[in-house]
Amino acid sequence: MMKTKSDGLTRIKNRGDLCLKLTCCSAPWEICVKRRKRKSNVKSRNGCGLNMASLIETYEQQYATLTAEITHNINNISSTRGAEKQKYVRQVEKLFDEAKELLEQMDLEVKDLTTDRQKYKTRVKSYQVELTKLETDVRRAKLGIDSSRDELLGDDTHDSEDQRRRLLDNTEMLDRATRRIEHGYKVTLETEQIGAQVIEDLSNQRESIQRSRSRLGEMNANLGKSSRLLSGMMKRIIQNRILLIGIGLILLIVIVVAIYFMVRENS
């Protein structure tokens, strides 16, 4: 738990809650602004009433305390370096979160007002503009730019900040382009490996086809030899048949002649 006192107002930070303690009508009051819950809880010990305008004024006092602390930490950021600077940066970020939550709570309370709503609404808008300016001062402090020097130099500081921002953007673009090129190079290497593997597979298939073609050539030669052998065998068979027919005819003629002479002698 951390307490901060300002003009009879006590701010307590405990477990993510933003609590305000003040004295009204001789009685202690506690106003708790819950983080992540846009709801205001007002507790009274002695039964004294607190109207909405007083509550908003209490928020304004608390906002003034927060902005003073933020301004102090911005000055510390500009004048420090290293780990100490980062510590003040983290503190400022936390204070900004509290201030934004406080402004959101004030805006909700203003919407519930029945009187002087426009006046308090204008105040809330001015507080929001002031908080935006403080955020700009924090960014400049992080970059090492002094706000008073910026006011003296005018547009030169803005140009320097714009140039730095453009350089950072260009650096990020170059980093992204480098990552894309590296990714494309990896894809190219993978494609090259796949292509080499495909070429090797095609070479193996070509060798297989050539071996198959040589086997087919050998088979064709063997078939030619077999065809020639079969042709020779057929010729021999035909010759044998012709020879047998000739022998048969000769035997038939001999028998006929023998019978003829035998018949002639008998007659």
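The protein exposes about 19900 Å² of surface, and carbon and sulfur atoms supply 54% of that area. Keep in mind as you look around that this is a predicted model. Of the 267 residues of the protein, 23% count as buried.

Now follow the chain from its start. The protein has five helices and five strands, and along the sequence they come in the pattern β-β-β-β-β-α-α-α-α-α.

Let us go inside next. In soluble globular proteins, nonpolar side chains tend to be buried together. Here the largest nonpolar core has 26 residues, and Tyr63, Ile70, Phe96, Met106 and Leu131 touch the most other members. Three helices each supply at least two residues of this core: H1 (52-79), H2 (82-111) and H3 (117-142). Which of them gives the most to this core? That is H2, with ten residues. Leaving aside residues up to four places away in sequence, Met106 touches Ile56, Tyr59, Glu60, Val124 and Tyr127.

A pair of aromatic rings is described by the distance of the centres and the angle of the planes. The count of such pairs comes to two. In one of them, the ring centres of Tyr63 and Tyr127 are 4.8 Å apart and the planes stand at 40°, so the pair is tilted. This pair links distant parts of the chain, with Tyr63 in helix H1 and Tyr127 in helix H3, 64 residues apart. The aromatic pair of Tyr260 and Phe261 is edge-to-face, with 5.7 Å from centre to centre and 70° between the planes. Phe261 counts as partly exposed, at 44% relative accessibility.

Charged side chains make links as well, and a search of the whole structure finds four salt bridges. One of them joins the side chains of Glu60 and Arg123, at 3.1 Å from N to O. Because Glu60 lies in helix H1 and Arg123 in helix H3, this pair ties together parts that are 63 residues apart in sequence. Glu60, which Met106 also touches, counts as buried at 12% relative accessibility, whereas Arg123 is partly exposed at 30%.

Another salt bridge is formed by the side chains of Glu135 and Lys100, 3.0 Å from N to O. Glu135 is in helix H3 and Lys100 in helix H2, 35 residues apart, and the pair links these distant parts of the chain. Lys100 is partly exposed, with a relative accessible area of 38%. Asp137 and Lys133 also meet in a salt bridge, at 3.5 Å from N to O. These two residues are four residues apart in helix H3, so about one helical turn separates them. Asp137 counts as buried at 14% relative accessibility, while Lys133 counts as exposed at 51%.

Leu243, Ile247, Leu251, Ile255, Ile259 and Val263 make a nonpolar surface patch of about 560 Å². Ile255, one of these residues, has its place in helix H5, which covers residues 155-266.

Terms used
Residues numbered from 1 in each chain as written. Predicted model: local features only at pLDDT ≥ 70, side-chain atom pairs only at ≥ 80, totals over all residues. Heavy atoms only, no water. Patch = residues over 30% accessible without salt bridge, like charges linked within 9 Å, V, L, I, M, F, W, Y side chains within 5 Å. Areas by Shrake-Rupley, 256 points an atom, 1.4 Å probe, with all protein chains shown as cover. Core = buried A, V, L, I, M, F, W, Y, C linked by side-chain atoms within 4.5 Å. Buried < 20%, exposed > 50% of the residue type's maximum accessible area, 1.4 Å probe, protein only. Contact = heavy atoms within 4.5 Å. Phe/Tyr/Trp six-rings, centres within 6.5 Å; stacked < 30°, edge-to-face > 60°.
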